[in-house]
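Biologist: I would like a close look at one part of this model, the place where the two chains meet. Please keep it brisk, and give the cut-offs as you go.

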Amino acid sequence: MQSFELTAPTSVDDAVAGAGTYLAGGTTLVDLMKLDVLTPRHVQDINALPLRGIDTADGLRLGALERMSDVARHPGVYPVISGALLQSASQQLRNMASIGGNLMQRSRCSYFRDVTTACNRRDPGSGCPARSGANRMHAVLGTSEACVATHPSDVAVALVALDGQITLASAAGTRMVALRDFYRLPGDTPHVENDLRPGELITEIVVPRLDWAVNSTYVKVRDRQSYEFALCSAAVALDVRDAHVVDARVAVGGVATVPWRLTAVETALRGAPVTEDAFQDAAALAADGAEPLSANGFKVALLRRTVVRALCELTQDEPTGSRG
Amino acid sequence: MTTTTRIDAPLKVTGRARYGSDHNLPGMLHGYVVTSTIANGEIVAMDVAAAQAAPGVVAVWSPFDPLTLRTPSTPILGDTWVPLQDRSVTHHGQPVAFVVAETYEQARDASALVEVTYDERPARTSLADNLDLAEEAPPGLDGEPSTQVVLADGVESIDDALAGSPVVVEGRYSTPTQNHAAMEPHSAVAHWDADGLTVYSGNQGAFVQQADLAAALDVDPSAVHTVNPFVGGAFGGKGRTSVPAFLAAAASRALGRPVKAALSREQVFTATANRPETLQEITLGADRDGTLIGVRHDSWCSADTDRSFVEPTSAASRVAYRTPNLAVSQKVVPLHIPRTTFMRAPGEAPGSFALESAMDELAVALDMDPIELRLRNGSLGPAGSDLQWSSKYLDDCYRIGAERFGWSRRTPTGTRDGDWLVGMGTATAVFPALRFPTTTEITLRADDTALVSVGGSDPGTGLLTVMALLGAEALDVGTERITPRLGLSAYPPGGMSGGSTATASVGSAIVAAASAVLEELQSLASAPGAPFAGQDVTYADGRVLGGGRSMTFGELLSALGRDAISAVGSSGPGEELTKHSFSSFGAQFCEVRVHRWTGEARVSRMLGVFDAGRIVNDQAARSQLRGGMIWGVSAALHEGLEIEGDGRLANGDLAGYLLPVNADIPEVDVHFVQHPDTLHNPVGARGIGEIGVVGMAAAVANAVYNATGVRVRHTPITIEDLLDGLPE
């Protein structure tokens, strides 16, 4: 870790007027500073900013500094969001990590985190060892020659499923961006991870009202039961009437370079009967365009299966038919 | 059987236990280790000028300007590598420089400024791709040759025996490199004064570390004092003296100031030593009734280029089952990988994964219950030896275990619970009963308390509490009057934590020391001028008795004007080795659930029933066995170091090297069949530190097969191994 200057602004105006990397829960930033992956000269501790509050009166409005654990246990939060949060990290980390910071998590690719190796995301143009190296955890969707790292956030997947938006503040004022548009595919510039402009700060997360999203779930498949990133995850919300799907939201994590919305699956589900067969037919579209690497080919099948599982679990009290 | 809470538990849970690196001394400097970024080659140049000029830096050592260290050697461990002595690099993450500064942060930051220039050569890191480099392994620690063939009369070869078997199964099994991942990273604080060197560092035996450091620094062992009262986990990974201990001791001597050094978690994976990767081929031949006719077990293990350790997996097939024909071989493949060493149940843990999986495959081929197959082939002693087991109750373990676990509810194709496929698996656990020569000192004090001291260590095993219990038993007083003391080289040698030997070794020495000190006490009591002068005295219940009177030993010492008396007692393996073979046994059971859509395998129930002789402290013993069984689950489903083609560890930290968390582990049921084995040692206890892990990985794999019909012959078993075999 390199030495740095620490300041602690007390207003958003002061924060965005200042220079330096924002520090909230510190669960990503400090970690990467210890590894010398991030070497900011100036760090702004924003924990004193008035960016709190959980408002469920009309959809969901979350202050960016709300802790993951507080959001997760709030009774008015859609199940897919609380489920994604509760399956993230560990209780200790959830108690520290902010919801805004969660959306700014950096890659968990082991090459990104190891400064002795090449990595286009950390050191543009240096190369991508993961393409031919240890890539079991890496993405099959949204990849490029330059980068195949997955996006690590769980709750971002749930928020993308529900058309979540974020409010960004800067010295120039505030703007709102759909989270789905905020994250950028790696392309030739994997080091540009999002649409954040210099000095901008996430102040609020907004989820539009979607009453049927009370029927939603987050299924996370991983190598151990807790405290581990997803091999594949699925955020699903279903509007079911008369044993048929009226509307659906489906997004997946752990398989793509950004939180990945599956609109084709959603379209296939609309009007479909609530049966395992229909769910399998819709989920068959989930991995369209997938480009597996040497060690992560299983994610193609796992992706389809995870979507089916989430749909089945969400409709367990509905009649289902099995073909296998 | 006694149940006693660990004596050291309050200190540990309140943070008052002082581990090696908790010691801070006036004027202490901090050292940071620099490690290599290549796996094979020569260091051509090292630019340390920037590091030397960095704030607070006191010294930078490298192979170009080394701290002189000699290579220590011991009969059990062989040579122990010491850092910075030459310019060759044989693995990624090898210590190549040592930066010492006024603060830890200064040392760490300066270490990043050391520029190393390498002449890099291609690395060999894959075991499977380098089998052509395999070498015959040297004989094992027990002296047994690594290749052994035992054939029944009239049988020409193992191939003939197998060819003539009505039922044959064969399989190729593999297990990955593993790291001990003890909570306490390897670390040391060293300082020199008029009495010589003192080193505070977690280790598996203070006297081992004393001998290593004395040899490395070329000083008399009496001038080296090692302090090791608390150890944050070892598991074989702290048997050898660590790089930080060597470097801190040598740097402190050079600088005349105390030096602290600790490895980072990432460095623990490369700068200590790991369990080797293994590849094993097993063929079992049996009659249709399940009686084994032939067993072949050929093993290969990875090693560093010094071949510092062999993982003797084929040895598992010498002890577990009775077979008229047996052929085992063990080869070692030198690679450009971090050093290899003992790790909990070395040989037995990965060896039992292969053998016990193969036995399950044989049971399937025979359409026979896996327990029945195992009971039918129970061994009477090691293959090729005339010496039978001193005491073996494995059949009882299986009978009791099957009852407790509900084995009768198992079906050959598992059961279903909603979306979960449920299976049960079992496996045999075998681990040799060993002990090492040990000397213990007992001091009786005038305040009616006693000290029991030995230089070994308690890295979480519970030895300290066992010493209090066995000391109290031998002196016939309450446990609260015994102060057990461990972890100083000033104490008598013995009680090293290794080979599951400590209770048997130290316990036997306590019996001898107690006998000696009580003899001395009674002779003092009846000496001329003493309270029982001229009388015949006896000793019981902490008192000397004679002439119708009695005095506590403290009263007697006070009357004699003595503060204390001490005696040492020694014990070690002897004549019993010519009469019997000795081993502990166990039956492992587990239930595994596999999700039918997404393939996660989760253990939902576990039971181990163990025949390990006398259990001295029930509570700590259960914890030991549970811990071992959890290691088995970890090996089966989570753990494995991935070494890349260039030698880099792909997952050399605790984010990537997965260990189970609480959510992965169900209630773990442990049961003992207690038959004290006094043929082995006077206490009757055999070891329990390692047997818990033996067989458990196979029990999990066998349960996965039972649940899904998918046979996985490697560990860890992960989702992609099962996905294709699941129903849609």
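Modeller: Three elements of chain A each supply at least two residues to the side that touches chain B: strand S9 (216-221), helix H10 (276-283) and helix H11 (298-314). These elements are DSSP runs numbered from the N terminus, with helices (H or I) of at least four residues and strands (E) of at least two. H11(A) gives the largest share, nine residues. By type, the chain A side divides into twelve nonpolar, eleven polar and 13 charged residues. Ala, Val, Leu, Ile, Met, Phe, Trp, Tyr, Cys and Pro count as nonpolar; Asp, Glu, Lys and Arg are charged; the others, Gly among them, are polar.

A word on conventions. Residues are numbered from 1 along each chain as its sequence is written, chains are lettered from A and ligands numbered from 1 in written order. The model is predicted: local features need pLDDT of at least 70, side-chain atom pairs count only at pLDDT 80 or more, totals for chains, interfaces and linings use all residues, and side-chain values use heavy atoms, with hydrogens and water left out.

Now the extent of the interface. Chain A brings 36 residues to the contact and chain B brings 32, with contact meaning heavy atoms within 4.5 Å. About 2,800 Å² is buried between the chains, and carbon and sulfur atoms give 49% of that. Buried area is the accessible area (1.4 Å probe) that two parts lose on being put together, summed over both. In chain A, the residues that lose the most area to chain B are Arg224(A), Arg305(A) and Arg309(A), together 27% of what that side buries.

Next, the ion pairs. Four salt bridges are counted between chain A and chain B; each needs a side-chain nitrogen of Lys or Arg within 4 Å of a carboxyl oxygen of Asp or Glu. Glu276(A) pairs with Arg596(B), with the closest N and O atoms 2.5 Å apart. Arg648(B) and Asp114(A) form a salt bridge at 2.8 Å, N to O. Arg648(B) sits in the loop between helix H15 (618-637) and strand S30 (668-672) of chain B, and Asp114(A) in the loop between helix H6 (99-103) and helix H7 (155-161) of chain A, so this pair joins two chains. Over all chains the structure holds 57 salt bridges.

Domain 1 and domain 2 of chain B bury about 1,000 Å² between them, 62% of it on carbon and sulfur atoms. The rule finds one salt bridge across this domain interface. Arg614(B) and Glu473(B) meet in a salt bridge at 2.7 Å, N to O.
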